[in-house]
Amino acid sequence: MMANHKSGSIYVGVTSDLASRAWQHREGELDGRTKKYGCKRLVWFELHATMELAIAREKQLKAGSRAKKIALLESQNPEWRDLFFELNRKPMDCFVAALLAKTRNRDYTPSSSIDPILASRSIGI
């Protein structure tokens, strides 16, 4: 889930590359809801073994009420902290890799040496 501030607008989506997608939302590179409402904070995510499971979970979350989304989010992140820099055990690796990829005009793909979980999983945000 991406949000603009605590108790603000919430966006639910799915991606196979959370670090890169969160970076794109933060930088306003993607047109749509997150850009329109300034949803730049990664406030909640979960990992799934397959993209099919991730998509099914995304649909389940989107069908639920805002109250249910907030309850889920606040059960793990009551302050709505931005989790972007907490994605990896080495948070600056994610930032530096995404920044370098951006300056080279190519997509960021997490390296298994940075975080094997992010490199191999489908992720719901």
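**Stop one: a lysine in α4**

Select Lys69, which sits in helix α4, spanning residues 66–76; helices are DSSP runs of H or I with at least four residues, strands are runs of E with at least two, and both are numbered from the N terminus. The model is predicted, so local features are given only at pLDDT of at least 70 and side-chain atom pairs only at pLDDT 80 or more, while totals for chains, interfaces and linings use all residues. Residues are numbered from 1 along each chain as its sequence is written, and side-chain values use heavy atoms, with hydrogens and water left out.

Is Lys69 buried or exposed? Lys69 is buried and has no salt bridge; Glu58, its nearest side chain of opposite charge, is 11 Å away. Buried means under 20% relative accessible area, exposed means over 50%, and partly exposed lies in between (1.4 Å probe, protein chains only). A salt bridge requires a side-chain nitrogen of Lys or Arg within 4 Å of a carboxyl oxygen of Asp or Glu. For charge, Lys and Arg count as positive and Asp and Glu as negative, while His and the chain ends are not counted.

Next, display the surroundings of Lys69: apart from neighbours within four places in sequence, Lys69 is in contact (heavy atoms within 4.5 Å) with Met1, Val12, Leu61, Lys62 and Gly64.

Now widen the selection to the helix. Lys69, Ile70 and Leu73 are the buried residues of α4. They cover an arc of only 95 degrees around the axis and therefore lie on the same side of α4; the arc is taken from the directions from the helix axis to the C-beta atoms. These buried residues pack against β2 (10–11) and α3 (51–63).

Select Glu58 and Lys62, whose side chains meet in a salt bridge at 3.1 Å, N to O. The two residues are 4 apart in helix α3 and so are separated by about one helical turn. Glu58 is buried at 14% relative accessibility, whereas Lys62, at 46%, is partly exposed.

**Stop three: the aromatic rings**

How many aromatic pairs does a search of the whole structure find? The search finds 2 aromatic pairs. Rings of Phe, Tyr and Trp (its six-membered ring) pair if their centres lie within 6.5 Å; planes under 30 degrees apart count as stacked, over 60 as edge-to-face and the rest as tilted.

Select Trp23 and Phe84, a tilted pair with 5.9 Å centre to centre and 35 degrees between the planes. Trp23 belongs to helix α1 (residues 18–26) and Phe84 to the loop between α4 and α5 (91–103), so the pair ties together parts that are 61 residues apart in sequence. Trp23 is buried at 7% relative accessibility, and Phe84 is buried at 1%.

Phe84 and Phe85 form an edge-to-face pair, with 4.9 Å centre to centre and 85 degrees between the planes. Phe85 is partly exposed at 33% relative accessibility. Trp23, Phe84 and Phe85 form one aromatic cluster.

**Stop four: helix α1**

Colour α1 by accessibility: 7 of its 9 residues are buried, so α1 is largely enclosed by the rest of the structure. The buried residues are Leu18, Ala19, Ser20, Ala22, Trp23, Gln24 and His25.

Centre on Ala22, which is buried with a relative accessible area of 0%. Beyond residues up to four places away in sequence, Ala22 touches Met2, Leu42 and Phe84.

Move on to Arg26, whose side chain meets that of Asp82 in a salt bridge (2.4 Å, N to O). This pair links helix α1 with the loop between α4 and α5, 56 residues apart. Asp82 is partly exposed at 27% relative accessibility. After α1 comes Gly28, with a positive phi near 70 degrees.

**Final stop: the whole chain**

Zoom out to the protein chain, which has 6 helices and 6 strands. Buried residues make up 41% of its 125 residues. The structure holds 6 salt bridges.
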